[in-house]
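Here is a short briefing to read alongside the model.

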Amino acid sequence: PRTGSAPPKPAPLQPSAAFLAGPGEGSPCAPGLGWAGEGPGAGGKNRRVCHAAARLEMGSLWEEFNRLGTEMIVTKAGRWELGWPGGLQRRGGTPFPPPSLCRRMFPTFQVKLSGLDPLADYVLLMDFIPLDDKRYRYAFHSSSWLAAGRAEPAAPGRVHFHPDSPAKGAQWMRQIVSFDKLKLTNNLLDDNGHIILNSMHRYQPRFHVVFVDPRRDSERFAHQNFKSFSFPETQFMAVTAYQNHRITQLKIASNPFAKGFRDGDPEP
């Protein structure tokens, strides 16, 4: 508020004082404290994103996987992520699922957001970046991953938009944001929009909050209108089949959709 004026009275969905200035107005926005996983470099960002904070849900489960060395299945059509409904044919004739049930991540990437302008529109998306320039192999005698040469040529870069995008900040902050529709593949010719990764390579998921700037020349301010978050505990190795048996056991034990594997024996 201007000098001498009374502060605005609280009202439903009213933006906080940090958002009362127009986009790009005032001094550059300094990074806020936020929650764990806040990305660096928030200086100079639009006021409607610089205060955004993201907290990773199921953090303890992600850390448990990370201690073992998280593995995520990436396959072409024909293989399914262990533990999803009907993911493998059970004794008794349960049919295989359609391809739409394959290649989902577990643990699922979920975040709780704060610091958004309740009245502004935002798009949420994810991408995956290589952690290094190496290809790996699993050494069973030592139960560890070893570098096995230089990385293969990078797979086509893709992003996954949350299907509810765009939506108001109030909606995003009201509940946990889940990327449960995100799917992984190693099929370089995939035309379904899945995230394409190279197997036996390490990746870091990244989460991005993008303010939908209503200005006609918004492309000039694109670098100011987003904020990115990375959580080190979500790093993983892309594989076509689980290498570490402890990862398989933990996925079965912790995935609520894996009840069939705990209650009965799957087909070999």
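The protein chain folds into five helices and 14 strands, and please keep in mind that this is a predicted model. Of its 268 residues, 44% are buried.

**Overall make-up**
- Among contacts with a separation of 6 or more, 74% join residues 24 or more positions apart.
- The accessible surface is about 13,900 Å², and carbon and sulfur atoms contribute 56% of that area.

**An open sheet**
- β1, β3 and β9 make up an open, antiparallel sheet, in the order β1-β3-β9.
- β1 and β9 (177–178) are the edge strands with a single partner each, so one side of each has no neighbour in the sheet.
- Four bridges link β1 with β3 in the antiparallel sense, and Ala54 sits opposite Leu113 of β3.

**The nonpolar cores**
- The largest nonpolar core has 33 residues, and those touching the most other members are Leu113, Phe128, Leu184, Leu197, Phe207 and Phe236.
- Two or more residues of this core come from each of β1 (53–56), β3 (110–114), β4 (121–130), β12 (201–211) and β14 (236–239).
- A separate core of 12 residues lies apart from it, including Tyr138, Trp145, Met237 and Ile247.
- Nonpolar side chains tend to be buried together in soluble globular proteins.

**A closer look at Phe207**
- Leaving out residues up to four places away in sequence, Phe207 touches residues including Ala54, Leu113, Phe179 and Phe229.

How values were computed
Residues numbered from 1 in each chain as written. Predicted model: local features only at pLDDT ≥ 70, side-chain atom pairs only at ≥ 80, totals over all residues. Heavy atoms only, no water. Core = buried A, V, L, I, M, F, W, Y, C linked by side-chain atoms within 4.5 Å. Buried < 20%, exposed > 50% of the residue type's maximum accessible area, 1.4 Å probe, protein only. Contact = heavy atoms within 4.5 Å. Areas by Shrake-Rupley, 256 points an atom, 1.4 Å probe, with all protein chains shown as cover. Pairing = 2+ DSSP bridges.
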